[in-house]
Structure formats: C-alpha cells, structure tokens
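Here's a quick tour of the model you're about to see. Have a look at it first, then read on.

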Amino acid sequence: MTGAAPRSQVYADGLWHGSAGVLVRSGDGRRIYVHRRTETKAVFAGMHDCLAGGVVDPGETPLDTAVRELSEELGVSGVQPEFLASAAWDGQWAGRPMRCHLFAYGIRFDGPLRHQASEIADGWWWTDAQLAGHLADPAWPFVPDTRVLIPELIQ
C-alpha cells in the first residue's frame, strides 16, 4: 500500500517511506564526497553520510528526489544521476522504528559544491579505502540507512 503522511508522522510511527540520495564522486572516480549532517537535523543528526538525499515527496519519483536533494544540499544542478542500487532498511532512530526504501544514484563531478547550511555542517573528499576504514569502526557515527548500501557503492 502506498500513501502520503506528514514527515513527522512517518518518523513518529515508523512508517515505511522512500528516500533517495546521490553519491558524488570526483570526475576521475577516485574520491567520494563525504559530509557530516548538522546537529539540528530531525533524524541522524550530526552523523556522517556519503549520499546527498532525503525523503521522496508525494508525486516525486526517487530520481526526482535525488536531483532535488543534490541541488538543495550541495548546490549541484544540471546533471543526470545514474541509478546505482536500492535497499530496504528496517531499524531504529531515537528509540523509535525507522523504515525506508533507499534509492542510490551517482554522479561524477568536479565543480564547486555549496553546502545547505541547515543540512550539512562540513564535507570533504575521501577515497573508497578511507571511507571503508572509517566504516570498519561500528561506533563511527554514519547514517545507518546508507550503511546498508555501502557494499554496492564503494569498491
């Protein structure tokens, strides 16, 4: 069954929802843009991520969401993300169930990045090995829904 509900209800009741994000690689494909979410985010506050993304809004496709979020969070527009992978995540956040279907897309990009101040606190470029090294520490604060896709996203 599909439907629409306010995001506050989705999070409070642990409703299944769609989310989409974009993995930004450097033009040569050797580095991934990793960022830290702001402490004011409603979910996964202060955690790290390698996808610029968010919740699929009513009437959007996951690709629409990916393009919108890439523009909003990193200031990147005029690109066509390529589908990479999808997965379902059924976990918890702040003691409540959190369930989402995550759709990951990718681009190669060497242009300027502009953080949306309310969403992203900081960001940097890492190799796949650097990201994998941090992810090897289960205590490293990385968003859990993206973590399920990591084997599909990094080499």
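Rings of Phe, Tyr and Trp (its six-membered ring) count as a pair if their centres lie within 6.5 Å; planes under 30 degrees apart are stacked, over 60 edge-to-face and the rest tilted. By that rule, Trp-124, Trp-126, Trp-140 and Phe-142 form one aromatic cluster.

A word on ground rules: this is a predicted model, where local features need pLDDT of at least 70, side-chain atom pairs count only at pLDDT 80 or more, and totals for chains, interfaces and linings use all residues. Numbering runs from 1 along each chain as its sequence is written, and side-chain values use heavy atoms, with hydrogens and water left out.

**Aromatics**
- Searching the whole structure turns up six aromatic pairs.
- In one of them, the ring centres of Trp-140 and Phe-142 sit 5.4 Å apart with planes at 20 degrees, so this pair is stacked.
- Trp-140 and Phe-142 are both buried (under 20% relative accessible area; exposed is over 50% and partly exposed in between, with a 1.4 Å probe and protein chains only).

**Cores**
- A nonpolar core here is a set of buried Ala, Val, Leu, Ile, Met, Phe, Trp, Tyr and Cys residues joined through side-chain atoms within 4.5 Å.
- The largest one has 17 residues, and Ile-32, Cys-50, Leu-131, Phe-142, Ile-150 and Leu-153 touch the most other members.
- Strand 2 (31-37), strand 6 (96-108), helix 3 (128-135) and helix 5 (150-153) each bring at least two residues to this core; helices (H or I, at least four residues) and strands (E, at least two) are DSSP runs numbered from the N terminus.
- Another core lies apart from it, with 13 residues, including Val-22, Val-24, Ile-107 and Phe-109.

**Helix 3**
- Asp-128, Leu-131 and Leu-135 are buried in helix 3.
- Down the axis of helix 3, its buried residues fall within an arc of 70 degrees, so they line one face (the arc is taken over directions from the helix axis to the C-beta atoms).

- UniProt, in an unreviewed entry, lists Glu-69 and Glu-73 under "binding site"; its positions use the numbering here, feature names are shortened, and annotations may be inferred rather than shown by experiment.
- Glu-69 lies in helix 2 (residues 62-74) and counts as buried at 5% relative accessibility.
- Glu-73 lies in helix 2 and is buried too, with a relative accessible area of 2%.
- Beyond four places in sequence, Glu-73 is in contact with Ala-52, Gly-53, Arg-114, His-115, Gln-116, Glu-119 and Ile-120 (contact means heavy atoms within 4.5 Å).
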